[in-house]
Amino acid sequence: LDVFVRGQDSLMTVPDVEGANDKTHEFSTSAPPFVPAEELEPELALPAGHLAQLRKYFLDPSGNWMQYYVGTLNSFSHLNGYGFLKCRQAHKDWGRDVFIHKSHVPKPWRLGQPVEFAVTVNLSGHPQAVDVNWLPPLPSAPAGPTGPGQVTNDAIVAGSDVGPAPLRLGSLKSFSSLQGYGFIMCEETQAMYNRDIYFDKNQLPETHQVGQVVMFTVAHNARGQPQARDARWEPIPWLPESRQEKRRVNSTTMSNLRVLLQHLNDREDSTAIYKAMSFSNGAASDSQNTVDYVCFVLDIVDPKCKIKALVKMMLLLMLSRMLRKPYGEERCAQLARWVTDLAESIDLEDKDVKAHFVDTFGKLSSYMEAAAACQRDHKDTLLSAMQTLGQRWQTSDE
């Protein structure tokens, strides 16, 4: 395929499809009442909440009211960077499915996900989706490509999982108090969208500075352009012994944090926790390191998430060492809850846990007693957790 870029629209040429025509669908102020999507597209059974999100009409540059199309994502290829939207009315008007560029496709996405969109003509004279409004995935939407003519590669199946929007790490690039908006600089989103990420003033804290690290998710506005959502302006936990004036994030630290975040986005919680412990152990000999990698991960994952038994045991040992440090009350309470949850949930029948439990429990008990002495407000919680774990082991060993 030949790729052409015109401004921000990334207009592309696509393979010819027989039956294409130049017919356009025009509407004006005398257009009939809006027809709900389920009548336009019988295969879509949109609930009331989805229908309420439809914009219905837009005013084109000529002053005519135009009706948005409503369809579904029929196919998408990460490798090629484009996909096609299925819409009965659009196919009737244009004789083909509607091309959609990757810059207008959300992450994560799902085949069969409903979408409202307008159409422009790209450089090869074919319909291309613009002004895209993605609706929430329908429960019945397929998790992978089905049907003839769709691109079938592993990237589609992997990218179609439904879940929370991926977390990203970036830094404040600029903000205009006069305009009321600013931009976040992020390597990952720059590679995806070839632009910085817009955010409005409502997401900016009162105290901020250029270069400040921010964690965020990405959503798309009505024009399909990426915008920051759920911005967290203090996403990095610092080691309690680090001094305020020496706290910094260098390129190595940022790279490590992005590795951890990628595992969390991929729902690889065990790997993220294991690597966070490895980074922490490696950074222990680095006097310049001020970032608490383990707490960074624990701030994001749920204590009830699925973690491998041996990793749970290793994390429990790690926490027993961490709790000897002068953490603040809120952090101590969080780590103490993790200790309790881990002591109650470790699978003691796991072969790896069984092989190392006796030696590990001896060290763990010693470390936890020292931690309890340092964290007097949580002493009973920590010692009770060790008692619970010991009793569980005796019961399982009988």
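In the predicted model, helix H9 (residues 309-322) and helix H11 (residues 351-374) have axes that come within 8 Å and cross at roughly 20 degrees. Because angles under 35 degrees count as roughly parallel, H9 is described as roughly parallel to H11. The crossing in which H9 passes H11 is left-handed. On the H9 side, the contact is made by Ala309, Leu310, Met313, Leu316, Leu317, Ser320 and Arg321. On the H11 side, Asp352, Val353, Phe357, Thr360, Phe361, Lys363, Leu364, Tyr367, Met368 and Ala371 take part. Sorted by class, the residues in the contact of H9 with H11 are twelve nonpolar, two polar and three charged.

Helix H9 also meets helix H10 (residues 329-345), and the axes of these two helices come within 10 Å and cross at roughly 150 degrees. H9 passes H10 in a left-handed crossing. Lys312, Leu315, Leu316, Leu319 and Met322 of H9 make this contact with Leu335, Trp338, Val339, Leu342 and Ser345 of H10. The contact of H9 with H10 comprises eight nonpolar residues, one polar residue and one charged residue. Leu316 is among the H9 residues in the contact with H11, and Leu316 is also among the H9 residues in the contact with H10.

Helix H10 includes Ala333. With a relative accessibility of 18%, Ala333 counts as buried, because the cut-off for that class is under 20%. Ala333 and Gln375 are separated by 42 residues in sequence, while their C-alpha atoms are 9.6 Å apart in space.

Cysteine residues were examined next. The structure holds zero disulfides. Cys374 is accordingly in no disulfide, and the nearest cysteine sulfur, that of Cys332, is 9.4 Å away. Cys374 has a relative accessibility of 44% and therefore counts as partly exposed. Cys305, by contrast, counts as buried, at 14% relative accessibility. Cys374 falls within the residue range of H11, 351-374.

For the chain as a whole, the secondary structure comes to twelve helices and twelve strands. The chain has 398 residues, and buried residues make up 46% of them. Contacts between residues at least 6 apart in sequence were also sorted by separation, and 66% of these join residues at least 24 apart.

Backbone angles were also considered. Most residues other than glycine have a negative phi. Asp131 has a positive phi, near 50 degrees, and is a residue other than glycine. Asp131 is placed in strand E7 (residues 127-134). Since its relative accessibility is 19%, Asp131 counts as buried. Asn194 likewise has a positive phi in a residue other than glycine, here near 60 degrees. Asn194 lies in the loop between helix H5 (187-193) and strand E10 (197-200). Its relative accessible area is 62%, so Asn194 is exposed.

Note on methods. Residues numbered from 1 in each chain as written. Predicted model: local features only at pLDDT ≥ 70, side-chain atom pairs only at ≥ 80, totals over all residues. Heavy atoms only, no water. Axes fitted to C-alpha atoms, helices over the stretch in contact; angles between N-to-C directions. Helix = DSSP H or I, 4+ residues; strand = E, 2+ residues; numbered from the N terminus. Parallel < 35°, antiparallel > 145°, perpendicular 65-115°, else oblique. Left-handed = near helix turned anticlockwise from the far one by under 90°. Contact = heavy atoms within 4.5 Å. Nonpolar A, V, L, I, M, F, W, Y, C, P; charged D, E, K, R; others polar. Buried < 20%, exposed > 50% of the residue type's maximum accessible area, 1.4 Å probe, protein only. Disulfide = S-S within 2.5 Å.
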